[in-house]
Amino acid sequence: MRILLINVPHPSIGSRIPDDHLPPLGLLAIGGPLIDDGHEVRLVDGELKPMTAAELVATAAAFKPDAVLFGHSGSTSGHPVIAAVAAGIAQALPAAFIVYGGVFPTYHWRDILAAEPHVTAIVRGEGEETARRLMAALASGTPLADIPGIAFRDATGLHTTPPAPMIQNLDAYRVGWELIDHARYSYWGGLRAVVVQFSRGCPHPCTYCGQRGFWSRWRHRDPVLFAKELARLRREQGVRVINFADENPTSSRKVWRTFLEALIAEDVDLVLVGSTRADDIVRDADILHLYRKAGWVRFLLGLENTDAATLALIRKGGGIDTDQEAIRLLRRHSILSMATWVVGFEEETDRDHWRGLRRLLAHDPDQIQMLYVTPHRWTPYYQLAAGRLVIETDRRRWDYKHQVLATRHMPAWRTLVWVKFTEAVLQLRPKALRRTYLEPDARLRHAMRWYARIGRRVWPHEILGFLRHPPRDTGATVADVWGPPQDREEYAMAPPPRRPAEAREPATPSMASAQAR
């Protein structure tokens, strides 16, 4: 089959403001196995120009694919763009199969199939094996009902098949790196870059996480083989920056140390950036020198909030002392810390924001990323937020960077003032300016200056965006906008049966960090 993979331009600030763009890992992960199955596969990345919907439709029509596959890491906020492009392609290529995968369609399959008759099928959960089976079935005309892990429509209505088995050996499927021109992708201020995934999932039960059950259980690639792949990308493709898409790559100290030592042995000059938990950094205090030697330059730490009641509400785990110690340890080993800070909880007041600012100053992170709480109906947190009033119905803005929910005690404009004030104080205080412009380590100085340049563009952009499109009282609740909760459907895939030794251990639910990458 002729298969076209399309990455649409995402409307979020993070995609449109920076000059750098990263390759679409999810689509490349699907593309590799499809190429190996003998299909003719092409990727069109609409992020790069960015391309308009009309340009994407024209490009697809010129290729004349048998099947068009969509997916996007932005998920919820990216869906309206995908829907528009898919509708245009369906009109231009009425015989083409249109397939859609990712986190948002995995859970909103009923809504999508009901509203978008041109969508042939939706891949639910991991796509590597499911996409292979689906393309084979579409090519041969065999029944879709026999394929686990999909949703589809036929003459009798909308259907979903049983969950696909969770992939146990992540090394069994390769990433189709040959689908991209590496020279067109960069990060960290123009350095050639890729996105990779060492592990999937996370063993912590945060209730708000939009990917909590998508991966079903934490798993990892072979640490030595993974190190060799990164080294090959450096030597053969000139890749300098490795951006980890993992929710929690450091979950297993033993496995993570093996990876670090294997990458050090490869002796390649790489810049590694990604996310992890503060308690893992504290746990690894004695091997943080290996982190640095392997190439780690920055970790994003999901502090979320320091209010005890809020942390208990979202089941974040960790604590204030652990967060502060993690930042201190990273700085001692010349690794930058970026703290995410989530606001917009229903009972917040000016006092809470003031307390949060003081706590962030005490934590002293190198960089700060402010986010707004954004509920997803397949998470346990959704039931707590279902009755809250919605002040933003444009789904393209449900990206963690726009206020979408009303708070009880504060108008939206005052929340924005606190967010912008907090960002300004954290990034313009003398200590932060000294690190940004006088840091003796060239790698850290480059990273700090690059982030500061982006911040100078994003900060006024968000204020102007608020003034041009202010949130408004819609009178609708979260449940009115998104429908009933889906937390009973949270786990997208069927995990393998536990071995007898595992069955005696208490089960730990999986989750993933709630970062919109």
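Okay, let's start with Arg110, which makes a salt bridge to Glu489, with the closest N and O atoms 3.2 Å apart. Keep in mind that this is a predicted model. Arg110 sits in helix H6, residues 109–115, while Glu489 is in the loop between helix H19 (478–482) and helix H20 (500–503), so this pair ties together parts that are 379 residues apart in sequence. Arg110 is partly exposed, at 34% relative accessibility, and Glu489 is partly exposed too, at 26%.

Now, on to another pair. Arg253 and Asp284 form a salt bridge, again with the closest N and O atoms at 3.2 Å. Here Arg253 belongs to helix H9 (residues 253–266) and Asp284 to the loop between helix H10 (278–283) and helix H11 (288–294), so the parts being tied together are 31 residues apart in sequence. So is Asp284 buried or exposed? Buried, at 0% relative accessibility, whereas Arg253 comes out partly exposed at 27%.

And one more: Asp279 meets Arg277 in a salt bridge, 3.2 Å from N to O. Arg277 counts as buried at 8%, and Asp279 as partly exposed at 25%.

Across the whole structure, the search turns up 43 salt bridges. Some link up: Arg331, Asp364, Asp366, Arg429, Lys431 and Arg435 make a network.

H16 (residues 412–428) packs against H17 (residues 430–438) at about 60°, their axes 5 Å apart, which makes H16 oblique to H17. Leu426, Gln427 and Leu428 from H16 touch Pro430, Ala432 and Leu433 from H17. By class, that contact has 5 nonpolar residues, 1 polar and no charged ones.

How values were computed: Residues are numbered from 1 along each chain as its sequence is written. This is a predicted model: local features need pLDDT of at least 70, side-chain atom pairs count only at pLDDT 80 or more; totals for chains, interfaces and linings use all residues. Side-chain values use heavy atoms; hydrogens and water are left out. Axes are lines fitted to C-alpha atoms, for helices over the stretch in contact, and angles run from 0 to 180 degrees between N-to-C directions. Helices (H or I, at least four residues) and strands (E, at least two) are DSSP runs, numbered from the N terminus. Angles under 35 degrees count as roughly parallel, over 145 as roughly antiparallel, 65 to 115 as roughly perpendicular and the rest as oblique. Contact means heavy atoms within 4.5 Å. Ala, Val, Leu, Ile, Met, Phe, Trp, Tyr, Cys and Pro count as nonpolar, Asp, Glu, Lys and Arg as charged, and the others, Gly among them, as polar. A salt bridge is a side-chain nitrogen of Lys or Arg within 4 Å of a carboxyl oxygen of Asp or Glu. Buried means under 20% relative accessible area, exposed over 50%, partly exposed in between (1.4 Å probe, protein chains only).
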